[in-house]
Amino acid sequence: MDTKLKGDIAEQAAVLHALKRGWGVLKPIGDRLPYDLAFDVEGTVIKIQVKYAWFDQPSGNYVVDNRRTKTNRRLMLREAYKPTDFDFALIYIEQLDLFYIFPIDVFIGYGSEIHLVETEKRQRKPRSAKYRDAWELILQALSKENCVCSPV
């Protein structure tokens, strides 16, 4: 399965999860924007970047690259996202039908990769654990005075 198909699967899963919560979903035309979807949550548009996590056998973790990838026929460029590119990153683990929901500032605060630990072998939880299936963070962002989300 190629990376484009994996991305499409993750986006469709995000759409399904949002619709089940009663949120509207908007899909930009083309791939030029730094976000993949927008959710209309209680009249506020929230920009969403969706990523597909792959299983890294040596580490036993799910991994996602937190950089933007631009490609053409000859070259693949990766660059860091900016704080204004989107509001939340949704990282999808297909095998578990599970999302990690990261606010943009947390997402770009990691290095070039985010490792998601889905094993109970660790003594302490990784810092990513609080973002596991944390859909409530999107609702909490609506009530903050400093919400960068766009009103409809």
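1. A salt bridge is a side-chain nitrogen of Lys or Arg within 4 Å of a carboxyl oxygen of Asp or Glu. Keep that cut-off in mind for the pairs below. The model under review is predicted.

2. Start with Asp65 and Arg67. Their closest N and O atoms are 2.9 Å apart. That is within 4 Å, so the pair counts as a salt bridge. Is Asp65 buried or exposed? Asp65 has a relative accessibility of 11% and counts as buried, because the label applies under 20%. Arg67 is partly exposed, at 27%.

3. Asp65 has another partner. Its side chain also meets that of Arg78 in a salt bridge, at 2.6 Å from N to O. This pair links distant parts of the chain. Asp65 sits in strand S5 and Arg78 in strand S7, 13 residues apart. Arg78 is partly exposed, with a relative accessibility of 39%.

4. Now look at Glu118 and Arg132. They form a salt bridge too, with the closest N and O atoms 2.9 Å apart. Both residues lie in the loop between strand S10 (113-116) and helix H3 (136-143). The two are 14 residues apart in sequence, so the bridge ties those parts together. Glu118 is partly exposed at 27% relative accessibility. Arg132 is partly exposed as well, at 41%.

5. The structure holds 5 salt bridges; the ones described here are among them.

6. Turn to the open space. The largest pocket has a volume of about 980 Å³. It is lined by 31 residues. Thr3, Gly7, Gln49, Lys51 and Thr69 are the closest to its centre. Find these residues in the structure before going on.

7. Which element gives the most to this lining? Helix H1 does, with 6 residues. H1 spans residues 3-20. Strands S3 (44-52), S5 (61-65), S6 (67-71) and S7 (76-80) each supply at least two residues of the lining. Two of these strands have come up already: Asp65 is in S5 and Arg78 is in S7.

8. How many of its residues are nonpolar, polar and charged? The lining of the largest pocket divides into 11 nonpolar, 6 polar and 14 charged residues. Gly7, one of the residues closest to the centre, counts as polar because Gly is placed in that group.

Definitions and conventions. Residues numbered from 1 in each chain as written. Predicted model: local features only at pLDDT ≥ 70, side-chain atom pairs only at ≥ 80, totals over all residues. Heavy atoms only, no water. 1 Å grid on protein atoms, 1.4 Å probe; cavity = no way out; pocket = protein on both sides within 12 Å on 5 of 7 lines; lining within 4 Å. Points joined across faces, edges and corners; volume = space filled by probe spheres on them. Helix = DSSP H or I, 4+ residues; strand = E, 2+ residues; numbered from the N terminus. Buried < 20%, exposed > 50% of the residue type's maximum accessible area, 1.4 Å probe, protein only.
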